[in-house]
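Please work through the exercises below with the sequence and the model open beside you, trying each task before reading its solution.

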Amino acid sequence: MDLTPIWLTLKLAAITTMILLIVGLPLAYWLSKGRSIAKIILEAIITMPLVLPPSVLGFYLLMAFSPKHGIGEWLHNTFDIQFVFSFKGLVLASVIYSMPFMIGPIKSALQQLPLSLSQASYTLGKSERETFIKVLLPNIRASMLTAAILTFAHTLGEFGVVLMIGGNIPGVTRVASIAVYDSVENMDYASANAYSLTLFCITFIMVISVFVFNKYKAKSPLE
Amino acid sequence: MISIDIEKKLKAYRGEQVLKIEAQFETGSITKIYGPSGAGKSTFLKIIAGLIEPEYGKISVDDAVWLDTVLKTSLSPQKRKVGFVFQNYALFPNMTVQQHLEYVSDDAQWTNRLLTIGKLETFTSHKPEYLSGGQQQRLAILRAMAIRPKLMLMDEPFSALDPKMKSELIPGLKSIWDELGTTVLIVSHNPQELEGLTAREIYVESQ
């Protein structure tokens, strides 16, 4: 079995999870504070990948970032950046596709914290940023871990969206899920089984680890 | 001198009620605020702390204007820096007793003195979940005191303390308030709760 698709998948999942932690934490915090039309619309957009067929999302990303159209053409001509059929494109698609798995649990956990925690911190002279870092985040560690692991695991299983924007280029965009599909198409069931079993085991270990780490914090890894 | 004149609409079971309070508090005085449940006593304290905005209001502390809804001026809670004791304590679950005080002040001598007054010296490494209700309430008081507040707002601050502990705690708090010249407003239901403190009383009722 060629291990490159597995390593590529793990690399993609790790980079996606890191980017979403950096982007997702402040975004989830902002969304957790009150309601407004802008927030409702943004939240609906973030949630769309949960219900949208991945191929639809992949198709629009392919159109948007094609070097022959709009943003894609501008990025290609100005910065010589090409997202389509590249690892960068996979990362971009994965970040968008897995965003609800990072934002959802963190936002929900922040909303469940008593408002008086941040209020107490403000009366002690602490800024919103310091309160977020020193009071709020440490008290939602279990949910952050759940969000990170769910994001990682979800990225491992991406197929439609990465196939649309990345294609099937060995060593560049051929991730494990595509390798499974490719092996089945070529009647190579042994390789398909090896890739599938590896993905199954990694995902199973991750879900189990959420249960173990959150043993005393949550009743289910989905909380 | 703290001068307060505020008006705030409160949601009630049957429509709306209006909390309307006009009062002055001498610097260094202790005032007990009492009234029926739902009258807006806690809201009143939060308005002073800058955690809730009233529809109309003016709050000035000595020469400084903290709030003036007409001039659209409102100091943030961080700038008002009042010592606030929340009814639900609002302790930080991730911090130990010591860390609660260190979050506010890096003056070890001062925080040790507070720990002694609150009789929590032997619990410094405990997180709130491992403290009794009375210990949590004392920690909430000490944390608010740690900023050396000029104005202390306390919402049912002694409700979980037994009479002995309360009688030992209050003189310690009183001596610090006298030292700092702190003005203290205490919301309380219980007529006996403020025994040991000479307090003026204000009755709050929303209409």
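The exercises treat a helix pair, a sheet, a single helix and a chain contact in turn.

The model is predicted, so that local features need pLDDT of at least 70 and side-chain atom pairs count only at pLDDT 80 or more, while totals for chains, interfaces and linings use all residues. Residues are numbered from 1 along each chain as its sequence is written, and chains are lettered from A and ligands numbered from 1 in the order in which they are written.

**Exercise 1.** Determine how α8(A) and α11(A) are oriented to each other.

Solution. Begin with the elements: helices (H or I, at least four residues) and strands (E, at least two) are DSSP runs, numbered from the N terminus. Helix α8 (residues 141-156) of chain A packs against helix α11 (residues 189-213) of chain A at about 170°, and their axes are 10 Å apart; axes are lines fitted to C-alpha atoms, for helices over the stretch in contact, and angles run from 0 to 180 degrees between N-to-C directions. Angles over 145 degrees count as roughly antiparallel, and α8(A) and α11(A) are therefore roughly antiparallel to each other.

**Exercise 2.** Describe the open sheet of chain B and the helix that packs on it.

Solution. The sheet has 5 strands in the order β2-β1-β4-β5-β6 (chain B), with antiparallel pairing, where two strands pair if DSSP finds at least two bridges between them. At the edges lie β2 (16-25) and β6 (73-74) of chain B, each pairing on one side only. Helix α1 (residues 41-49) of chain B packs on this sheet and touches β1 (2-11), β2 and β4 (56-61) of chain B; contact requires C-beta atoms, placed from the backbone, within 7 Å. The direction of α1(B) makes about 125° with that of β1(B). Strand β5 (residues 64-68) of chain B pairs with β6(B) over 2 bridges, and Asp68(B) has Thr73(B) in β6(B) as its bridge partner.

**Exercise 3.** Which residues of α6(B) are buried, and what do they pack against?

Solution. A residue is buried if 20 or more other C-beta atoms lie within 10 Å of its own, with C-beta atoms placed from the backbone. In α6(B) these are Lys166(B), Leu169(B), Leu173(B) and Trp177(B), and they pack against α4 (108-117), α5 (133-145), β8 (151-155) and β9 (183-187) of chain B. Just after α6(B), Gly181(B) takes a positive phi of about 70°.

**Exercise 4.** How many residues does each chain give to the contact?

Solution. Chain B gives 16 residues and chain A gives 15 residues. On the side of chain B, α2 (77-80) and α3 (97-104) are the elements that give two or more residues.

Technical notes. Two residues are in contact if their C-beta atoms, placed from the backbone, lie within 7 Å. A residue is buried if 20 or more other C-beta atoms lie within 10 Å of its own, exposed if 12 or fewer, and partly exposed in between; C-beta atoms are placed from the backbone. Angles under 35 degrees count as roughly parallel, over 145 as roughly antiparallel, 65 to 115 as roughly perpendicular and the rest as oblique.
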